[in-house]
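Please examine the structure shown below.

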Amino acid sequence: DIFYNNCFKIGLLPIVLDSNVVNKLIDEVVTTSGYRLFVDLAAQTVTTPGNEIYSFDIDPFRKYCLINGLDEIGLTLQHADKIKQFEERRRKEQPWLFA
């Protein structure tokens, strides 16, 4: 759970598939030189070289963040104008905090 959640914080997509599927994919990787999987985050699928398609689930908000390259700081900076307005208002309402 910790690893899974930390993956999103560093922009890594953790894909959860059934253990039988994972074992099959590992076997194919080991026995096939140049084996490559195609991961489509938008479609939430993993496709093998043999065109087998496996679906995976992902939280819509986390998907949005990964697709748009947003981490926690990037999300916050999307509200930079509102943050600046808050800071200016607070400086006027509570000037003793900024002495």
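Leaving aside residues up to four places away in sequence, Glu-28 touches Tyr-35, Thr-48 and Glu-52 in this predicted model. With one of these residues, Tyr-35, the side chain of Glu-28 also forms a polar contact of 2.4 Å. Glu-28 itself is found in helix 2. Its relative accessibility is 19%, and Glu-28 therefore counts as buried, since the cut-off for that class is under 20%.

Helix 2 covers residues 19-31 and also holds Ile-26. Is Ile-26 buried, exposed or partly exposed? The relative accessible area of Ile-26 is 46%; because this value lies between the limits of 20% and 50%, Ile-26 is classed as partly exposed. In sequence, Ile-26 is 14 residues from Asp-40, and their C-alpha atoms are 19 Å apart in space.

The discussion now turns to the largest pocket. The volume of the largest pocket is about 280 Å³. Its lining consists of 14 residues, of which Phe-8, Lys-9, Cys-65, Leu-70 and Asp-71 are the closest to the pocket centre. Two or more lining residues come from each of helix 1 (2-9), helix 3 (60-67) and helix 4 (72-77). Which helix gives the most to this lining? That is helix 3, with 4 residues. By residue class, the lining of the largest pocket divides into 7 nonpolar, 3 polar and 4 charged residues.

Key: Residues numbered from 1 in each chain as written. Predicted model: local features only at pLDDT ≥ 70, side-chain atom pairs only at ≥ 80, totals over all residues. Heavy atoms only, no water. Buried < 20%, exposed > 50% of the residue type's maximum accessible area, 1.4 Å probe, protein only. 1 Å grid on protein atoms, 1.4 Å probe; cavity = no way out; pocket = protein on both sides within 12 Å on 5 of 7 lines; lining within 4 Å. Points joined across faces, edges and corners; volume = space filled by probe spheres on them. Nonpolar A, V, L, I, M, F, W, Y, C, P; charged D, E, K, R; others polar. Polar contact = N/O pair within 3.5 Å; in protein donor to acceptor, adjacent residues only side chain to side chain. Contact = heavy atoms within 4.5 Å.
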